[in-house]
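The exercises below are meant to be worked through with the sequence and the structure open side by side. Try each task before reading its solution.

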Amino acid sequence: MQVENNPFNDRITRIVEASTKKLIVSVVTLAGGGTDTKHVVLSDGSQIVVKISKNPSDDLAVEGATMDFLRNHTQLPVPVLFYSDKDILVHEYVVADGSLNMASEPEAAGHLAKLHDISSDCFGFDFDTLRSGVQQPNQKFSKWVPFFVQNRVLYMARKAFECGRLPLELMQRIDNFCQKMESYLDEPPKPALLHGDISVTSILCHHGKVKAFVDPAVFFGDPEFEFVFATPHLSLSKVFFDAYNELHPFRPGFFEYRQTIYSLYPLLLYIKLFGAFYIPRVIDVLTRFGF
């Protein structure tokens, strides 16, 4: 971290001070992430986070809208939002000493099980959200499988293909699999409200207690799809999945094959963002199911 005085221009300073009704005392640059992120101490000693977009294609107003939705319509703990627009986001700083671990995983599982009890009459959401800065379309569907095929797999495959990182032959194999997807996936009993970006780094903890969920990309979907970025082999442990299963049981077949099919979405996102390293894993998924 690098300690700074006040690196903000006049516009950002006015936004921060007007939205919090306090003066800026000090600013520290936080490392990591796709935005210029600052930890700010205010005149009453309170602390906030200010995110500033680095990329003209970013839209921090979307993140603000999802945080606002979760805070106003659910019991999921999320930071207090002070301000958001396309290129700046101001929210409460959450004191945390680490991310999720086995001590706090059962509590996190309980929060998500409760979130997933919130339903809707269709899959999707009122507006598109973002995953790693990439638009995530949420056009509404009455059934989950068409939503997953059109708004997740085919959409991200086309994005990866259009930027030259997904070969045409592999795009065709993905399309063939998608045409048969209803033979491999079932329909969940009802749409569930998802956080949309669950991993150990999106759940902030302090002294073994969950303090806040951050970086939401909400929509109504299959609750099992919530864990597509956080499988037992990558971040969340068996402790988490066992605790969640007691409250919101997984349907038969999730760990055996649906989880593998759902992994196509993050793999295609990573190909679009980072290139060919993830292509062999997509080929493995397609080959396993005969495509």
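**Exercise 1. Decide whether C205 is buried or exposed, and count the disulfides.**

Solution. C205 has a relative accessible area of 2%, so this residue is buried, where buried means under 20% relative accessible area, exposed means over 50% and partly exposed lies in between, with a 1.4 Å probe and protein chains only. C122, with 12% relative accessibility, counts as buried too. For the second part, a disulfide is taken as a pair of cysteine sulfur atoms within 2.5 Å, and by this rule the count comes to 0 disulfides.

Before going on, note that this is a predicted model, in which local features need pLDDT of at least 70 and side-chain atom pairs count only at pLDDT 80 or more, while totals for chains, interfaces and linings use all residues. Residues are numbered from 1 along each chain as its sequence is written, and side-chain values use heavy atoms, leaving out hydrogens and water.

**Exercise 2. Find where P191 is placed and which residues P191 touches.**

Solution. P191 belongs to the loop between α5 and β10 (192-194), with helices (H or I, at least four residues) and strands (E, at least two) being DSSP runs numbered from the N terminus. Its relative accessibility is 7%, so P191 counts as buried. Leaving aside residues up to four places away in sequence, P191 touches I118, S119, S120, C122, F123, F220 and G221, a contact being heavy atoms within 4.5 Å.

**Exercise 3. Describe the sheet that contains β7, β11 and β12.**

Solution. The sheet is open and has 3 strands in the order β7-β11-β12, with antiparallel pairing; two strands pair if DSSP finds at least two bridges between them. At the edges stand β7 (98-99) and β12 (209-213), each with a single partner strand, so one side of each has no neighbour in the sheet. Strand β11 (residues 203-206) is joined to β12 by 4 bridges, and H206 stands opposite K209 in β12.

**Exercise 4. Work out how α4 and α5 are oriented to each other.**

Solution. Helix α4 (residues 144-162) packs with helix α5 (residues 168-179) at an angle of about 170°, and their axes are 10 Å apart. Angles over 145 degrees count as roughly antiparallel, under 35 as roughly parallel, 65 to 115 as roughly perpendicular and the rest as oblique, and α4 and α5 are therefore roughly antiparallel. Among the residues that meet are V149 and F161 in α4, and L168 and C178 in α5.

Note on methods. Axes are lines fitted to C-alpha atoms, for helices over the stretch in contact, and angles run from 0 to 180 degrees between N-to-C directions.
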